[in-house]
Amino acid sequence: MGYRFTAAAFNQLLESLREKYRVYAPTLLKGKGKFSDTDLVGYAEISKIEDVVFNQKSYFSPKETFYPVTQRLFYFNENGFSESVVDEKGMIVFLRACDIQAVERLDKIMLENGPSADYYYERLRNKLKMIVMDCQESFDSCFCVSMGTNKTENYSASVRLENGVYLSDVKEDIEGLFAFHGETIEVSPKFVESNKQSVKVPENLVLESVAANPIWEEYGSRCIACGRCTVVCPSCSCYTMQDIFYDDNPKCGERRRVWASCQIDGFTDMAGGHSFRRNNGERMRFKVMHKIKDFKQRFGVHMCVGCGRCDNACPEYISLAHCIDRLGKEEAENRG
Amino acid sequence: MTINTKKVMKNAWRITKDRNLTCLRLRVPGGHLPVKLLPLIQEIAERFGNGEVHLTTRQGFEIPAIPFEHMKEINVLLVPFLEELEVNIGVLLEQPAQGYPAAGTRNVVACIGNKVCTNAVFDTTALAKDIEKIIYPNNPHVKIAVTGCPNDCVKVHMHDIGIIGQVEPLYDAQRCINCQACVKNCAKVSTGALSIVNYKVKRDASRCIGCGECVLKCPTGAWTRGGQYYRVVVMGRTGKKNPRLAAPFLEWAEREAVLRLCNNLYDYIDKHIDCSLPKEHVGYILDRTGYPVFREEMLKGVELGPKAKTANYLDFAGYTYDKKCLFD
Ligand code: HEM
Ligand code: SF4
Ligand code: SF4
Ligand code: SF4
Ligand code: SF4
Ligand code: SF4
């Protein structure tokens with residue numbers, strides 16, 4: 001079912017939705033860019049549709065809304081523990097087609113990998129409803145078409161701004177509110193069919209020959225192991241645990257789970273001080289293999305969804321898209 | 001030939017080693033120049049000078065080898081330059097067609113700031129222009145400089161008033177992944193103000209100098225930029241007696257306070273200058289009055305803001321040229 005909204009009507013819709021949901025979208029965070037007097041497009045709760053940034057890609061991905069950077073799991077004392085409580089409200093998140101595909105990747109690792117689902121992920125994930133923002137044109141770093149992630153059917157509603165009105169295709173209305181506030185009209189969401197760059201994705205990388213490839217030495221000399229490429233990534237799922245014993249009473253404390261990154265020091269540290277992948281080139285290789293080989297081997301789809309955020313974030317101008325393309329072209333050449 | 005050297009110099013023309021020739025000094029507040037003014041510099045140098053222009057240490061131009069008789073004519077040609085760089089930013093010039101009305105107070109210099117530099121905490125040129133508006137035209141020999149961060153690329157430590165940008169870093173513990181990039185970097189390139197406590201970061205505000213390195217290094221945006229403030233260093237100098245680095249006077253001062261301070265400097269000079277000398281440099285006035293008097297008069301009517309701190313004493317580093325002490 002399709003609907004048309006004036007800005008005022010969409011804002012009434014938001015107001016009604018916000019009674020039971022927190023609504024998150026990419027917004028312009030004033031002065032929050034890393035350089036002085038610069039802004040950042042990032043996720044924040046919204047109350048007005050005008051606050052949503054449609055014409056830029058968010059720097060950070062939407063995953064922080066339902067998979068928080070720091071999450072308190074439970075609190076403990078000498079007698080036992082009590083689980084953290086999550087917000088009663090549901091979550092509605094505005095995101096792109098590639099981002100929705102990335103949520104599906106996170107679901108695979110968090111819910112389908114192993115005998116039981118990740119409880120703490122699941123309890124927030126179950127509250128999530130997705131509103132896909134149409135991509136009317138591709139941004140500079142996108143390569144979703146090459147990754148086959150430029151489209152999605154997996155959304156409650158779509159939204160795009162066209163000639164001053166908001167157009168939605170609704171697959172699963174939320175409490176009938178879209179129908180209540182909107183005016184019925186035929187709508188189908190728009191997804192890009194081509195990007196400014198296309199990437200040759202390798203089909204069957206062989207670990208031994210990839211490991212011997214000299215490109216990792218080159219990347220190793222450029223990469224500073226800052227981890228930006230992974231923290232901005234919508235499909236990176238790694239986390240670590242932190243047990244805190246409160247200063248004033250070390251018998252009480254809490255367990256937190258916090259994002260981690262294979263690019264950052266400490267990721268592979270083990271008892272006895274042993275550590276794999278000390279070298280930045282090896283870390284880059286591991287990340288690339290995870291993104292375009294290992295994950296697919298296990299789950300049948302590539303982990304990377306081609307959103308290009310890692311390219312935008314890398315301070316050393318390392319482009320994953322370019323790296324994938326290099327590997328893909330080398331593979332094709334070798335096959336003759 | 002008869003000329004009044006004092007008037008000529010006040011009009012930003014130099015007395016030079018060639019008795020017949022002068023040299024025109026152009027000021028560029030904040031060191032940023034719209035290129036549409038370059039043809040005028042070229043025209044003056046080609047028509048009246050020797051076709052050359054010197055780039056000064058104070059981010060101005062000097063057009064050499066101009067016969068004194070052309071001063072009046074060139075002053076008229078300079079109107080667009082003065083309009084664009086002085087009048088348009090709010091400097092009051094009563095007769096722009098007569099050239100620069102004063103030359104004692106020097107051009108306010110600035111590093112390129114956040115127009116380009118990733119480290120810069122603020123727009124240095126904009127502040128330099130606001131300062132120019134307050135202090136120009138004026139005769140006392142005063143040098144002011146503005147720099148975007150504590151790297152001090154423009155060397156404000158060699159100035160009477162040096163202004164260094166500071167940013168208050170804001171920490172969102174929720175976003176921190178304990179990568180320690182900020183902690184390691186602050187210790188390595190700055191002051192070691194950060195440490196890890198329970199996997200999260202603590203900032204020792206008394207050590208932090210507001211360089212913003214932590215914000216630049218943080219991958220998750222746990223550190224972001226809060227308010228913009230300024231560290232003010234004073235009375236640095238070169239010269240034949242006692243070169244020294246400017247000493248910290250204020251930190252975490254607000255913009256309005258900095259502007260007010262520049263204004264107060266002139267009242268202080270006015271009150272204490274030794275008029276028996278042809279000119280007296282303000283640093284030597286401070287040497288005579290002492291810091292408490294300086295501090296009181298500089299801070300008169302200044303709202304420092306809640307975060308500002310004032311130095312207990314001026315911690316100068318320098319030396320005297322006097323060879324008797326050093327070499328004999
Ligand atoms: C040199 C000796 C050791 C090596 C090479 C080693 C290696 C490893 C590796 C590779 C993992 C998996 C890490 C991961 O999945 O993130 C692991 C996990 C673990 N190891 Fe060891 N280990 C060693 C010694 C020990 C010892 C002595 C203990 C206990 C006394 C221990 C307890 C654990 C535990 C509890 C985990 C699970 C931690 C978690 O899931 O976060 N390990 N170890
Ligand atoms: S393009 Fe980069 S940020 Fe986007 S999904 Fe792929 S690896 Fe992650
Ligand atoms: S291993 Fe690295 S690339 Fe893979 S999900 Fe974890 S952080 Fe991302
Ligand atoms: S963002 Fe760039 S420099 Fe940083 S870890 Fe990733 S590839 Fe390396
Ligand atoms: S602003 Fe500079 S000195 Fe202060 S904590 Fe950050 S890096 Fe350290
Ligand atoms: S750089 Fe950012 S994420 Fe890393 S420890 Fe510092 S505040 Fe935390």
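B:Leu78 touches B:Leu24, B:Leu26, B:Leu40, B:Ile44 and B:Tyr100, not counting residues up to four places away in sequence. Contact here means heavy atoms within 4.5 Å. This is a predicted model: local features need pLDDT of at least 70, side-chain atom pairs count only at pLDDT 80 or more, and totals for chains, interfaces and linings use all residues. Residues are numbered from 1 along each chain as its sequence is written, chains are lettered from A and ligands numbered from 1 in the order in which they are written, and side-chain values use heavy atoms, with hydrogens and water left out.

**B:Leu78**

- B:Leu78 sits in the loop between helix H3 (71–77) and helix H4 (79–85) of chain B. Helices (H or I, at least four residues) and strands (E, at least two) are DSSP runs, numbered from the N terminus.
- Is B:Leu78 buried or exposed? B:Leu78 counts as buried because its relative accessibility is 1%. Buried means under 20% relative accessible area, exposed over 50%, and partly exposed in between (1.4 Å probe, protein chains only).
- B:Lys300 is 222 residues from B:Leu78 along the chain, and their C-alpha atoms are separated by 37 Å.

**The two domains of chain B**

- The domain assignment of chain B gives domain 1 (5–98) and domain 2 (109–166 + 229–327). Such bounds come from an automatic or database domain assignment.
- The C-alpha centres of domain 1 and domain 2 of chain B lie 26 Å apart.
- In chain B, 13 residues of domain 1 are in contact with 15 residues of domain 2.
- Domain 1 and domain 2 of chain B bury about 1,300 Å² between them, with 58% of it on carbon and sulfur atoms. Buried area is the accessible area (1.4 Å probe) that two parts lose on being put together, summed over both.
- B:His32, B:Arg58 and B:Ile89 supply 41% of the area that domain 1 of chain B buries against domain 2, more than any other three residues.
- The rule finds 1 salt bridge across this domain interface of chain B. A salt bridge is a side-chain nitrogen of Lys or Arg within 4 Å of a carboxyl oxygen of Asp or Glu.
- The side chains of B:Arg27 and B:Glu132 form a salt bridge (2.9 Å, N to O).

**A:Ser84**

- A:Ser84 lies in the loop between strand S5 (80–83) and strand S6 (90–95) of chain A.
- Its relative accessibility is 8%, so A:Ser84 counts as buried.

**Where chain A meets chain B**

- How many residues of chain A are in contact with chain B? Chain A brings 26 residues, which are in contact with 28 residues of chain B.
- Chain A and chain B bury about 2,100 Å² between them, 49% of it on carbon and sulfur atoms.
- The rule finds 2 salt bridges across the interface of chain A and chain B. In a salt bridge, the side chain of B:Arg175 meets that of A:Glu64 (2.9 Å, N to O).
- Strand S4 (70–77), helix H9 (228–231), strand S11 (239–245) and strand S12 (253–259) of chain A are the elements that give two or more residues to the side touching chain B.
- S11(A) gives the most to that side of chain A, with 4 residues.
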